[in-house]
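Good morning, colleagues. I would like to take you through one model this morning, beginning with the chain as a whole and then turning to individual residues. Please look at the sequence and the structure first.

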Amino acid sequence: MQMSEQAQRVAVVTGGARGIGAAVARRLAADGLAVAVIDLRREDCAGTVDAITAAGGRALAVAADVSDSGQVGAAVETIVAELGPPAVLVNNAGVIRDNLLFKMTEDDWDTVLGVHLRGAFLMSRACQQHMVGAKWGRIINLSSSSALGNRGQANYSAAKAGMQGFTKTLAIELGQFGITANAIAPGFIATDMTAATAARIGMEFEAFQQAAASQIPVRRVGQPEDIAHVASFLASEGAGFVSGQVIYVAGGPLC
Ligand code: NAP
């Protein structure tokens, strides 16, 4: 049953214009939440917002660079004014700047750490005050199987491992306010991000996916909806005793 507009909880999904973020935003809207879709350009959020409203949901497009504290503050103020206080935050915005260590520039490092880690920090800090006030909240951070180490991704792997420590600390600090914090660590998910990796190494995306699938126990690559399903669970009322966890969603075990 759809909650009344008054009682409708608000979810914020960063990097929600496409890929995993778009699927998570659509899924949380289908679950009955109003969804703020944040991305670098407001117009890029239109596809996700239109899909949600066409399905009868409520959504708002908000432009912000999550690594910029001024833009994050303004975005959260807009969301509070237009939709209501955030109850669910999905820190999904991400970039890759892959290179072997000896070729990795300081800009490659700072950009990746800035969007993933600083972005998750700024967004969580801005949203938590509303969750604390409501004594209810769900923070879901996108980590990655690359947190375990991945050639050419020293920056990304450090950021995604950092997301796990960040998540566990939020769980410890915020649990007393009814707020849970968990991380989802996807394996290979078919999105523009993995398509860009295929292009960088000179492979057709289809062949790249087939090669990846052959190494995955369930013999397929993941889809954004595989991650949205787990985010839906973690955002739910019933997941209130699950906190500080890292859930690998990779079609098999990782270690
Ligand atoms: P994607 O298709 O590249 O989408 C990422 C989105 O984040 C884009 O819309 C991008 O906007 C946005 N974004 C980038 N920098 C931003 C910033 N500073 N502020 C606000 N938005 C920003 O990526 P994806 O594959 O869906 O990945 C989503 C998340 O899952 C990322 O955190 C990624 O690291 C993680 N992940 C992905 C995989 C995978 O296999 N795909 C695996 C593990 C983890 P622009 O389009 O303007 O750049």
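I begin with contacts, where contact means heavy atoms within 4.5 Å. Among contacts in the protein chain between residues at least 6 apart in sequence, those that join residues at least 24 apart make up 70%.

Before I continue, a word on provenance. This is a predicted model, in which local features need pLDDT of at least 70 and side-chain atom pairs count only at pLDDT 80 or more, while totals for chains, interfaces and linings use all residues. Residues are numbered from 1 along each chain as its sequence is written, and side-chain values use heavy atoms, with hydrogens and water left out.

Now the overall architecture. The protein chain contains eight helices and seven strands; these are DSSP runs, H or I of at least four residues for helices and E of at least two for strands, numbered from the N terminus. The radius of gyration, taken over C-alpha atoms, is 17 Å, close to the 18 Å that the globule rule gives for 255 residues, so the protein chain is as compact as a globular protein of that length. That rule is 2.2 Å times the number of residues to the power 0.38. Along the principal axes, the C-alpha atoms fill a box of roughly 50 × 35 × 35 Å.

How many of the 255 residues count as buried? The figure is 50%, where buried means under 20% relative accessible area, exposed means over 50%, and partly exposed lies in between, with a 1.4 Å probe and protein chains only.

The domain assignment, which is automatic or from a database, gives domain 1 as 5–187 + 225–248 and domain 2 as 191–221. The C-alpha centres of domain 1 and domain 2 lie 24 Å apart. Across this division, nine residues of domain 1 are in contact with six residues of domain 2.

I turn to individual positions. Val76 sits in helix H3, residues 69–82, and counts as buried because its relative accessibility is 4%. Leaving aside neighbours within four places in sequence, Val76 is in contact with Pro86, Met123, Ala126, Cys127 and His130. By comparison, Thr105 is 29 residues from Val76 along the chain, and their C-alpha atoms are separated by 32 Å.

Helix H4 covers residues 106–134 and includes Gly133. Is Gly133 buried or exposed? At 66% relative accessibility, Gly133 counts as exposed.

In the loop between H4 and strand S5 (137–142) we find Lys135. Lys135 is not a glycine, yet has a positive phi of about 55°. Most residues other than glycine have a negative phi. Lys135 is also exposed, because its relative accessibility is 54%.

Arg219 belongs to the loop between helix H7 (205–214) and H8, and its relative accessibility of 55% makes it exposed.

Finally, Ser232 lies in helix H8, residues 224–235. With a relative accessible area of 9%, Ser232 is buried. Which residues does Ser232 touch, not counting those up to four places away in sequence? They are Arg27, Leu28 and Asp31.
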